[in-house]
Structures are given as C-alpha cells and as structure tokens.
Amino acid sequence: MTDNLVLVDHPLIRHKLTLMREKTTPSVQFRRLLKEISLLLGYETLRDLPLTTRRIETPLAETEAPILKGKKLALVPILRAGIGLLDGMLELVPLARVGFIGLFRDEETLKPVQYYSKLPNEMEKRTTVMLDPMLATGNSATAAIDIVKEAGAKDVRFMCLLAAPEGVENLARAHPDVRIITAAVDERLNDMGYIVPGLGDAGDRLFGTK
Ligand code: URA
C-alpha cells in the first residue's frame, strides 16, 4: 500500500473494533467503543508532535522538561460521523481548536459537495487532524483536505477507524503528504460504496438513525 499508512493494530483496538462491527451492538456501546479507540489512535496520530522544553522545579530539583511546542492543534471532524472521534481527541488535547466540515454526495455526479465549513484561524501554523471513522472511496476525505489546505493547513493527518484499500489509494494519490492513521484496512468497497466487512453506516450506528 502506501508509506503514508499507519496501521494501529493493538490487541485492545482489534478487540473493541470487533465489538463495534457486530450488528447487534447498540448505539450507546458503539459510541463508547469509538471514543475509547479514538484515545488509542490519537496517541499514534500525534506521536511526532514537536516539543520544546521549559525550566521547572520538581519537589526535589530544577530540571529542563519537555512540553508541546507551537500553536494549538486543529481537530476537524467531517460531519457527521467524524464527531464520534472528537471527544476522545479532546480528552487527549483539551486545548485543541475544533473546526467542522460538512459534505454531502451529489447523487448525479457522485462528487462531494460542501455544505458547511468553519475552521480555526491561522491554520497554516497548526497541526491539523481530520477525523472520520470511515475512509471508503476517499472522495470526501480528499475534498475535506482540499478545504483545510485552502485555508492554509500544511501539516495534515487523517485519522479513521476503518479504511478500504481503494480509499487509502485514492487519498494517498490526491494528498501524498497526508499521513493516514487507521485501526484496520478491510477487504473492499461494495457497489454502494460501503466498506466490507466494515460495520455499516457509522453515522447511523453512532446516532441511532436509519
Ligand atoms: N461510510 C460509512 O458510514 N460506512 C461505510 O461502510 C462507508 C462509508
């Protein structure tokens, strides 16, 4: 596949993902599991955040200790399923700024169309983490990243739960500089653009809609 892909296949994540895939898992548990996995994926997504140091005093001594450097992160969930990854990320980085991007699929052209976008200022100075549990065709991921790059974002990562090989390939082709962090790459997409075996419609399962 691509060098940009980071597969986070910790046993705890694999176990929780299996519970999420099961069709009988209710929304309340599905949401909780996604939040738990987002904490674990988040560590990996932010592994290389730049650090600086600060002189501090412990109860025993003065020392030069590491702290995060630079502007606050931008977390950008793609509506609506991306919201399921947001709470966990905000627990890891409570001071992060949050932007939202809403896209729908034009049924004639099958292309994503933006209906909402609200992003933090100074995107060019922030590490940006796009959040969407499902990387399926890669079309909406590509369009959402186009939007944050137009706003100036330079260091962009895409964090998802499940990816289809087609989505990984398309996104890597469109945005070769964007690292993709996922818990699993499934077999394929079906004719409707769903990931197989997947877990169904992530938004519906998160929010109890159909
Ligand atoms: N979006 C979903 O929610 N599920 C899929 O399988 C693909 C895209």
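Begin by selecting Ala-141, Thr-142 and Ile-145 in helix α4 together with Asn-170, Leu-171 and Ala-174 in helix α5: these residues meet across the two helices. Sorted by class, this contact of α4 with α5 holds 4 nonpolar, 2 polar and no charged residues. The model on display is a predicted one.

The crossing in which α4 passes α5 is right-handed.

Now turn to a second pair of helices. Select α1, residues 11-21, and α2, residues 27-45. These helices pack at an angle of about 155°, and their axes are 10 Å apart. Since angles over 145 degrees count as roughly antiparallel, α1 and α2 are therefore roughly antiparallel to each other. Their crossing is left-handed.

To view the contact itself, display Ile-13, Lys-16, Leu-17, Leu-19 and Met-20 in α1. On the α2 side, they meet Phe-30, Leu-33, Leu-34, Glu-36, Ile-37, Leu-40 and Leu-41. The residues of this contact divide into 10 nonpolar, no polar and 2 charged.

The next stop is a sheet. Select strands β9, β11 and β13, which form an open sheet in that order with parallel pairing. The edge strands, each pairing on one side only, are β9 (134-135) and β13 (184-185). Strand β11, residues 162-163, is joined to β13 by 2 bridges, and the two run parallel. Zoom in on Leu-162, whose bridge partner in β13 is Ala-184.

Proceed to strand β4, residues 74-79. Is this strand largely enclosed or open to the outside? Of its 6 residues, 5 are buried, so β4 is largely enclosed by the rest of the structure.

Finally, select Asp-204 in helix α6, residues 202-207. Is Asp-204 buried or exposed? Its relative accessibility is 15%, so Asp-204 counts as buried, the cut-off for that class being under 20%. Which residues does Asp-204 touch, not counting residues up to four places away in sequence? Show Ser-27, Arg-80, Thr-209 and Lys-210 to see these contacts.

Conventions:
Residues numbered from 1 in each chain as written. Predicted model: local features only at pLDDT ≥ 70, side-chain atom pairs only at ≥ 80, totals over all residues. Heavy atoms only, no water. Axes fitted to C-alpha atoms, helices over the stretch in contact; angles between N-to-C directions. Helix = DSSP H or I, 4+ residues; strand = E, 2+ residues; numbered from the N terminus. Parallel < 35°, antiparallel > 145°, perpendicular 65-115°, else oblique. Left-handed = near helix turned anticlockwise from the far one by under 90°. Contact = heavy atoms within 4.5 Å. Nonpolar A, V, L, I, M, F, W, Y, C, P; charged D, E, K, R; others polar. Pairing = 2+ DSSP bridges. Buried < 20%, exposed > 50% of the residue type's maximum accessible area, 1.4 Å probe, protein only.
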